[in-house]
Amino acid sequence: MVSTRVSSNRREPQQERSRLTRERLLRATIDALAADGWAAATVAAVAERAGVSRGAAQHHFPTRESLITAALEQVFDDLTTAADSRFGTSAAPGEPITPARVLAAVQRVVDVYTGTEFKAALQVWAAAASDPALRTLILPLEAKFARAAHQRTMAAMGVSPADEKGHRLVQATLDFARGLGLADTLTDDSARRAQVVDTWCEQLAVSLGVDGAA
């Protein structure tokens, strides 16, 4: 009985170490994709970035394909979680849309699209354009995130699901934020981006018929 308990106690720390190693490898893969691009995200480079041996990395991910697949799933899980938690608090039923609520919702969307996870996803999107297998893998993950982002942004702004114009304006906002995220991969344009976001929010509030909009 004692030996069984000791064996169980030994397994738990080992399992925890294994879990933490796997998490480090996935995070290192996302960081490598975002910082250095698709070609740089090899098992050897990721292992070095994560501070683990190549053998340990290959124990968890025997091939680059398995590593990238797991990292992609993590990226889109992170993005979808961000859509659920960071795109703003849902407006109460009947609560009016305000310029401040529109601005807060758009700023949160832009924050997500200029974050590390999006930069990593962008590298994979570029690679998927010429890789049918990778494209097949990424499309359903991207679609799940896009749905969550759209639903949460509409709720954050207080746009009714029945509002067809509002639905399209929110989609335009997501496309707008994606474009800002793309621009941010080349240079830090945060100052210009803040001005563009303010201008877009003013026009968006007008288009949504927000009281007090300029």
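Among the contacts in the protein with a separation of 6 or more, 70% join residues 24 or more positions apart; contact means heavy atoms within 4.5 Å. The model is predicted, and local features need pLDDT of at least 70, side-chain atom pairs count only at pLDDT 80 or more, and totals for chains, interfaces and linings use all residues. Residues are numbered from 1 along each chain as its sequence is written, and side-chain values use heavy atoms, with hydrogens and water left out.

**Overall composition**

- The protein has 9 helices and 0 strands; helices (H or I, at least four residues) and strands (E, at least two) are DSSP runs, numbered from the N terminus.
- Of its 214 residues, 40% count as buried, where buried means under 20% relative accessible area, exposed over 50%, and partly exposed in between (1.4 Å probe, protein chains only).
- The accessible surface amounts to about 11,500 Å², and carbon and sulfur atoms hold 53% of this surface; such areas come from the Shrake-Rupley method with a 1.4 Å probe, and for residues only the protein chains shown count as cover.

**The nonpolar core**

- In soluble globular proteins, nonpolar side chains tend to be buried together.
- The largest nonpolar core holds 62 residues, of which Leu72, Phe76, Val102, Val106, Phe145, Met157 and Leu208 touch the most other members; a nonpolar core is a set of buried Ala, Val, Leu, Ile, Met, Phe, Trp, Tyr and Cys residues joined through side-chain atoms within 4.5 Å.
- Two or more residues of this core come from each of H1, H2 (43-50), H4 (64-86), H5 (99-113), H6, H7, H8 (164-184) and H9 (190-207).
- Helix H4 gives the most to this core, with 10 residues.
- Leaving aside neighbours within four places in sequence, Phe145 is in contact with Phe76, Leu79, Thr80, Ala83, Val112 and Tyr113.

**Helix H7**

- Helix H7 covers residues 132-157, 26 residues in total, and reaches 37 Å from its first C-alpha to its last, close to the expected 38 Å; the expected span of a helix is 1.5 Å times one less than its number of residues.
- At Ile138, H7 bends by about 30 degrees, and Pro140 follows within four residues; the bend is the angle between axes fitted to the seven residues ending at a residue and the seven starting there.
- The N-terminal end of H7 is capped by Asp131, with a side-chain oxygen 3.2 Å from the backbone nitrogen of Ala133.

- Helix H6 (residues 116-128) has 13 residues and reaches 19 Å from first to last C-alpha, close to the expected 18 Å.
- The buried residues of H6 include Phe118, Leu122 and Val124.
- Thr114 lies in the loop between H5 and H6 and counts as buried, at 14% relative accessibility.
- A polar atom of the Thr114 side chain lies 2.8 Å from the backbone oxygen of Val110.
- Not counting residues up to four places away in sequence, Thr114 touches Lys119, Leu180, Gly181, Asp184 and Arg193.

- Thr21 is found in helix H1 (residues 2-36) and counts as buried, at 13% relative accessibility.
- Beyond residues up to four places away in sequence, Thr21 touches Val52 and His60.
- Gly179, in helix H8, is partly exposed, with a relative accessible area of 38%.
- The C-alpha atoms of Gly179 and Val110 are separated by 9.5 Å, although these residues are 69 residues apart along the chain.

Terms used: Polar contact = N/O pair within 3.5 Å; in protein donor to acceptor, adjacent residues only side chain to side chain.
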